[in-house]
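Here are my notes on the model you sent. Please read them with the structure open.

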Amino acid sequence: MNCLSAVHGRFQADLNAAAARVIASGWSILGPEVEAFEQAWAARVGTAHCIGVASGSDALQLALRALDIGPGDEVLTVANAGGYSTQAILAVGARPVFVDIDADSLLMNVGAIGGAVTPRTRALIVTHLYGRMASMPAVLEACRAAGIAVIEDAAQAHGASWAGRQAGAWADLACFSFYPTKNLGALGDGGAVCCADPALAARLRQLRQYGWQPKYQVQLPGGMNSRLDEIQAAFLRVLLPALDAFNAARRQVAACYEATLALLPGGGLPSRPPEAQDVAHLFVLGHPHRDAIRAALLARGIQTDIHYPVPDHLQPGFIARARGLGLLPLSPAGSLPVTEAVAGRVFSLPCHPGLDAGQVERICTALAESW
Ligand SMILES: *Cc1c(COP(=O)(O)O)cnc(C)c1O
């Protein structure tokens, strides 16, 4: 579904030069390229600190560890966002508590946050899913009232904003992935945590490298080996200036699909608040006869996908991990009615900057014929 070589080809000379620079430098991990990228990304997001790490999944786990969250603690999240937050919460030994989603936005139902809080709740992870910004003022208000920390999972929302403020600039900590297919992607794995608090930033710098301070002296519990490579940071420095153009290209693809759907019966899409500037990471739509539409599209040569088919609380691996931690039951089947219903009807059309206008037009025609 992704045609990354078409995108990277436009930057071939600069990517080659970046790779050559790193090879000549002798630095492989956590060197000048990582520092320069961290500064550039913090400036772009609008936070004081950026800590480069090995992946978006590690960013989530390190954010929880930086807040000292572990066994006995509860963390609020959603069950429809690919499982990354749940994986991280379980990895630190805490309990994921799922808040149902809003049927229209498919994002966390902010009105349900208060009812999910218990004395053990320490934090909430809010995912800007599909490139759609959550209503951060409302999320922050609910979490402040509950006295819990907030982590943004902005791995699908590089460059998205709410009322002009970037995804990743709102919460106590914000996590990014630079997996190749993200809106800003490296040519391998990478991630980052952004934050305003210098003490949290210092903890994260220690935790990404075994908890060391200084070298070989383990000062903090919960340290990991999770470092960003120089070569990935150098590639990210090449691609970062093109982020707005990538996002504009994605939005243009999404606008064509939206125009097509507007003419189809029942083709309505979520209404988005005017404050939200989304970045079309994925183009997700819903239909009660999803499988038939997907099959008809496939017959016309169009591959689609489902983001995501199994909600987290029904994933056997998560249930087994929770059992091992003595955390069962997680939310039982039927307890997240909107999340569960939505998983049965969403699917995703190709949406990335490597698509040309002809391909998008062909997909629109096929969609209208398959509906
Ligand atoms: C991709 C993704 C992650 C995980 O990032 P990796 O770099 O693949 O570990 C986390 N959260 C969301 C919402 C994602 O889309």
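1. A term first: two strands count as paired if DSSP finds at least two bridges between them. Keep in mind that this is a predicted model.

2. On that basis, three strands make up an open sheet, ordered E7-E6-E10, with antiparallel pairing. Strands E7 (165-166) and E10 (276-277) stand at the edges with a single partner strand each, so one side of each has no neighbour in the sheet. E6 (residues 161-162) is joined to E7 by two bridges. Trp162 stands opposite Arg165 in E7.

3. The chain splits into domain 1 (4-242) and domain 2 (243-370). Their C-alpha centres lie 22 Å apart. In contact across the boundary are 52 residues of domain 1 and 40 residues of domain 2.

4. The two domains bury about 3,800 Å² between them, with 57% of it on carbon and sulfur atoms. On the domain 1 side, Leu90, Tyr130 and Asn183 lose the most area to domain 2, together 18% of what that side buries.

5. What polar links cross this interface? There are 29 residue pairs in polar contact and one salt bridge. Asp244 forms a salt bridge with Arg44, with the closest N and O atoms 3.0 Å apart. Elements giving two or more residues to the domain 1 side include helix H3 (32-45), helix H5 (84-91) and E6. H5 provides the largest share, five residues.

6. Look at helix H8 (residues 198-207) too. Its buried residues are Leu200, Ala201, Leu204, Gln206 and Leu207. They pack against strands E1 (49-53), E8 (173-177) and E9 (191-195), and against helix H4 (56-66). At the start of H8, a side-chain oxygen of Asp197 comes to within 2.9 Å of the backbone nitrogen of Ala199.

Conventions
Residues numbered from 1 in each chain as written. Predicted model: local features only at pLDDT ≥ 70, side-chain atom pairs only at ≥ 80, totals over all residues. Heavy atoms only, no water. Buried < 20%, exposed > 50% of the residue type's maximum accessible area, 1.4 Å probe, protein only. Helix = DSSP H or I, 4+ residues; strand = E, 2+ residues; numbered from the N terminus. Contact = heavy atoms within 4.5 Å. Polar contact = N/O pair within 3.5 Å; in protein donor to acceptor, adjacent residues only side chain to side chain. Domains from an automatic or database assignment. Buried area = accessible area lost by both parts, 1.4 Å probe. Salt bridge = Lys/Arg side-chain N within 4 Å of Asp/Glu carboxyl O.
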